[in-house]
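This report covers selected local features of one protein model.

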Amino acid sequence: MAIRIPEEKINEIKQSVDIVDVVSDYVQLKKQGRNYFGLCPFHGENTPSFSVSTEKQIFHCFGCGAGGNVFTFLSEVEGISFQEAAERIAKRGNIELDIEITKDHIHQQLPKEHSLMIEAHELLAKFYHHLLMNTNEGSGALDYLLKRGFTKESIQKFKVGYSLPDWDFAVKFLENRGYSHDLMEKAGLLSVREKDGSYFDRFRDRIMFPLHDSKGRIVAFSARALTEENQPKYLNTPETILFNKSSLLYNYHEARSHIRRQGNVVLFEGFADVISADSADVKNGVAVMGTALTDKHIHLLNRLTNAVTLCFDSDSAGAEAAFRSGQMLIKYGIDTNVVILPDKLDPDDYIRKYGPDKFREHVIGNAQTWMAYKLHYFRKGKNLQNEGEKLSYIERALIEISKLENAVERDLYLRQLSEEFSLSLEALVEQLSQMNISSENTQQRNHIQSHINQKNIPQPKKAHTPLKAHLVAERQLIARMLRDEDLAYRIIEMLGEATFHIDEHQAILTYLFGYYEEGNSPDPSLFLNYLPDKKLRAIVSEIEMLAINHEYSEKELNDYVSHVLKHPKLLMIKEKQAEQKAAERKNDFAKAVEIAKEIIELRRSL
């Protein structure tokens with residue numbers, strides 16, 4: 001049974017925070033006019049359609065329709081109950097809220113199977129961590145980690161653990177707590193023997209790194225072998241309904257607030273680098289999970305920032321991965337810098353060799369621009385003492401420089417080329433000019449060819465369908481009724497026996513008068529808590545985002561009510577017109593004349 005929080009307390013909690021500050025922990029917002037806009041966290045999009053109003057303390061996405069207040073947002077983005085969202089917001093606003101969030105409220109918005117899988121992961125993670133830190137069985141694994149440069153503080157923070165070498169430890173552990181073998185196999189925690197269908201532990205004698213989803217829930221493990229014999233070196237949870245490595249970034253849930261504050265994210269290749277960087281006070285680091293950077297990863301990052309620093313291994317594989325990742329990020333318009341580590345070190349090795357201060361200042365603090373990194377990348381493997389290879393490199397460098405839109409940047413890199421290869425700046429500028437002319441001619445030819453190809457193909461026209469008058473009228477009336485209780489009752493009297501024609505609008509009115517009857521004052525943001533239906537909350541938040549002048553005139557009010565009252569008659573006229581045409585087709589002209597008279601009377605009554 002849900003815990004009931006008094007309306008006065010809910011209002012106090014709501015007023016203690018600004019919804020823009022809360023949403024900014026999850027979405028990179030930019031102010032446009034009176035509202036803030038960003039990429040919606042509830043559906044994939046490349047153009048910001050997610051709006052937050054600090055004045056009205058609500059959010060609404062014009063793309064997917066999601067909307068609500070600060071409680072709704074936190075509840076939906078974290079997948080938690082209203083009560084737990086209220087508790088978190090109260091804590092943020094330094095408001096005392098004396099309620100206990102029980103286990104029944106955790107993950108309540110998830111399907112039962114998903115919730116059980118997450119519970120099992122979190123139970124095992126706690127026990128694995130206990131084994132590592134507090135038992136003789138885990139002492140060898142703990143020594144190994146400490147020798148590798150991990151600190152006890154970082155092991156504690158990231159809840160690193162150890163799985164026993166037994167074949168059935170997790171089987172029995174989960175079985176004793178009521179979890180079914182079949183479900184735990186689906187969760188990736190157990191495996192099945194083909195010969196007899198029996199279950200055994202997927203992870204044995206390994207260091208266990210819990211993997212969290214974007215909401216901070218443990219959904220998988222990455223397990224490192226302690227011996228060469230135990231292969232593979234790293235064993236991840238297989239793809240499950242909870243875990244997809246192409247859409248999960250390690251440490252995203254913890255780094256999110258640091259990324260927002262610093263306006264930048266550091267992207268590493270692996271979680272060991274993230275943990276080492278965190279101990280070096282680089283808190284805005286995340287990592288891909290043994291896969292190349294994907295569009296889903298970039299969408300997650302772009303919610304928080306448009307600036308990424310790539311910090312990959314300095315070997316050839318790391319350089320290739322950095323180049324591919326940078327190309328993808330640039331395609332999305334993300335400002336991309338790249339760290340180049342010396343002596344083929346990875347970030348973890350560098351920190352252990354040179355210390356955290358040098359890593360922060362000399363490595364992260366001296367990241368190269370994407371253009372500078374491209375020039376570095378194109379030099380790799382080339383003998384620049386060879387004239388042919390030198391000319392090939394210079395030509396490639398000029399092609400990349402020609403793509404730069406900023407004139408100062410172009411000048412900077414041209415001068416670098418001029419000084420490095422003892423070439424005159426004038427010659428390089430002339431060559432660049434010729435390349436631009438050639439590029440423009442190619443673009444012009446492509447444009448002409450495209451025009452020829454498309455000439456005889458009819459192009460679809462973008463149609464903008466305005467909202468129907470009665471729908472606009474109903475929304476305008478609801479907007480005013482949300483703000484003025486007396487006016488709400490007056491509008492109902494003006495409508496008489498008539499109701500709103502959009503079912504959802506009529507449902508909102510029913511809840512609104514229930515809200516007022518319970519003694520609540522007009523407050524659209526608080527009314528959103530009163531609505532039990534997600535679709536209705538989305539409609540109210542969209543209505544609240546309308547630019548409405550609440551200082552209405554009587555004529556304006558009467559016009560809106562009139563549109564609502566006229567609508568049934570307009571529908572009746574359409575029906576009669578259809579009946580009239582049907583009668584004419586049957587040559588029943590007497591009936592057609594009677595219907596025509598009815599249509600005239602209906603029009604007179606409008």
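## Backbone geometry, cavity and sheet

Pro232 sits in the loop that runs between β10 (218–225) and β11 (234–236). The model is a predicted one. The peptide bond joining Gln231 and Pro232 is cis, with omega about 0°. For context, most peptide bonds are trans, and most residues other than glycine have a negative phi.

Asp281 is not a glycine, yet its phi is positive, at about 70°. Asp281 belongs to the loop between α11 (271–279) and β13 (285–287). Lys344, also a residue other than glycine, has a positive phi near 55°. Its loop is the one between β15 (335–338) and α14 (347–354). Lys344 counts as exposed because its relative accessible area is 70%, and the cut-off for exposed is over 50%.

| Site | Value | Loop |
|---|---|---|
| Gln231 and Pro232 | omega about 0° (cis) | for Pro232, between β10 (218–225) and β11 (234–236) |
| Asp281 | phi about 70° | between α11 (271–279) and β13 (285–287) |

Rolling a probe the size of a water molecule over the atoms shows where empty space is left. How many cavities of 30 Å³ or more are there? The count comes to one. The largest cavity has a volume of about 50 Å³. Its lining is made up of Arg148, Gly149, Phe150, Thr151, Ser154, Ile275, Ser276, Ser279 and Asp348. Which element gives the most to this lining? It is α11, with three residues. By class, the lining has five polar, two nonpolar and two charged residues.

The last feature is a sheet. Strands of a sheet pair through backbone hydrogen bonds, either parallel or antiparallel. Here five strands, in the order β1-β2-β3-β4-β5, form an open sheet with antiparallel pairing. β1 (30–32) and β5 (67–68) are the edge strands, each pairing on one side only. Within the sheet, strand β3 (residues 50–53) and strand β4 (residues 58–61) run antiparallel and are joined by four bridges. Ser51 has His60, in β4, as its bridge partner. Helix α24 (residues 534–544) packs on the sheet, where it touches β4 and β5. The direction of α24 makes about 100° with that of β4.

Note on methods
Residues are numbered from 1 along each chain as its sequence is written. This is a predicted model: local features need pLDDT of at least 70, side-chain atom pairs count only at pLDDT 80 or more; totals for chains, interfaces and linings use all residues. Side-chain values use heavy atoms; hydrogens and water are left out. Helices (H or I, at least four residues) and strands (E, at least two) are DSSP runs, numbered from the N terminus. Buried means under 20% relative accessible area, exposed over 50%, partly exposed in between (1.4 Å probe, protein chains only). On a 1 Å grid over the protein atoms alone, a cavity is a set of points where a 1.4 Å probe fits but cannot get out, and a pocket is an open set with protein on both sides within 12 Å along at least five of seven lines; lining residues have an atom within 4 Å of a point. Grid points are joined across faces, edges and corners, and a volume is the space filled by probe spheres set on the points. Ala, Val, Leu, Ile, Met, Phe, Trp, Tyr, Cys and Pro count as nonpolar, Asp, Glu, Lys and Arg as charged, and the others, Gly among them, as polar. Two strands pair if DSSP finds at least two bridges between them. Contact means heavy atoms within 4.5 Å. Axes are lines fitted to C-alpha atoms, for helices over the stretch in contact, and angles run from 0 to 180 degrees between N-to-C directions.
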